[in-house]
Amino acid sequence: MSDNQDQKMMGLAYQQAYKSYLEGGVPVGAVMVKDGEVISAGHNRRVQDGDPTAHGEIDCLRRAGRQSSYNGVTLYTTLSPCMMCSGAILQFGVTRVVIGENRNFRGNIEFLRSHGVQVDLLEDKKCTELMDNFIKEKPGLWDEDIAGRTDV
């Protein structure tokens with residue numbers, strides 16, 4: 001996809017992240033795209049649903065429903081994926097991941113790349129600022145979301 005298309009789709013993922021933020025949740029959003037079409041969108045729902053596995057990428061995968069193949073699918077996520085979400089990306093064969101930012105959480109970019117996933121980091125200022133604000137406002141909730149770890 002072109003840089004403009006990546007920015008547009010990251011904007012949709014950001015809208016999901018902002019929605020979670022307004023709901024009192026962790027501001028991570030994700031969008032899945034195949035053949036230039038959005039097939040699902042989701043956001044972190046850990047707080048809203050009381051579900052520790054409801055990360056933004058997982059919510060997006062759930063909302064996509066069953067797919068016969070994830071070959072050619074791009075997952076846009078506002079924050080670098082944790083190990084759980086990276087495992088799901090590999091499990092289902094998502095071929096490309098575009099990340100808004102990894103300054104607030106390093107995530108598993110090299111892990112994904114080492115398993116053949118194309119990973120592109122946009123270093124999107126809006127994604128970084130939204131997470132910065134959330135971490136300052138709710139450090140305890142952020143710590144809970146990443147289990148107090150920065151290496152997963």
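Predicted model: local features only at pLDDT ≥ 70, side-chain atom pairs only at ≥ 80, totals over all residues.

Q: What does the search of the whole structure find in the way of aromatic pairs?
A: The search finds four aromatic pairs.

Q: Why is the pair of Tyr18 and Tyr21 called stacked?
A: The ring centres of Tyr18 and Tyr21 are 5.9 Å apart, and the limit for a pair is within 6.5 Å. Their planes stand at 25 degrees; planes under 30 degrees apart count as stacked, and therefore the pair is stacked.

Q: Where do Tyr18 and Tyr21 lie in the chain?
A: Both belong to helix α1 (residues 3–22), at a spacing of three residues, about one turn of the helix. Tyr14, Tyr18 and Tyr21 form one aromatic cluster.

Q: What makes Tyr18 partly exposed?
A: Tyr18 has a relative accessible area of 36%. Buried requires under 20% and exposed over 50%, so a value in between is called partly exposed.

Q: Why is the pair of Phe105 and Trp142 called edge-to-face?
A: The ring centres of Phe105 and Trp142 are 6.3 Å apart, with planes at 85 degrees. Centres within 6.5 Å make a pair, and planes over 60 degrees apart count as edge-to-face; the pair is therefore edge-to-face.

Q: Which parts of the chain does the pair of Phe105 and Trp142 link?
A: Distant parts are linked: Phe105 is in the loop between β4 (96–101) and α5 (109–114), whereas Trp142 is in helix α7 (residues 139–145), and the two are 37 residues apart.

Q: Are Phe105 and Trp142 buried or exposed?
A: Both Phe105 and Trp142 are buried.

Note on methods. Residues numbered from 1 in each chain as written. Heavy atoms only, no water. Phe/Tyr/Trp six-rings, centres within 6.5 Å; stacked < 30°, edge-to-face > 60°. Helix = DSSP H or I, 4+ residues; strand = E, 2+ residues; numbered from the N terminus. Buried < 20%, exposed > 50% of the residue type's maximum accessible area, 1.4 Å probe, protein only.
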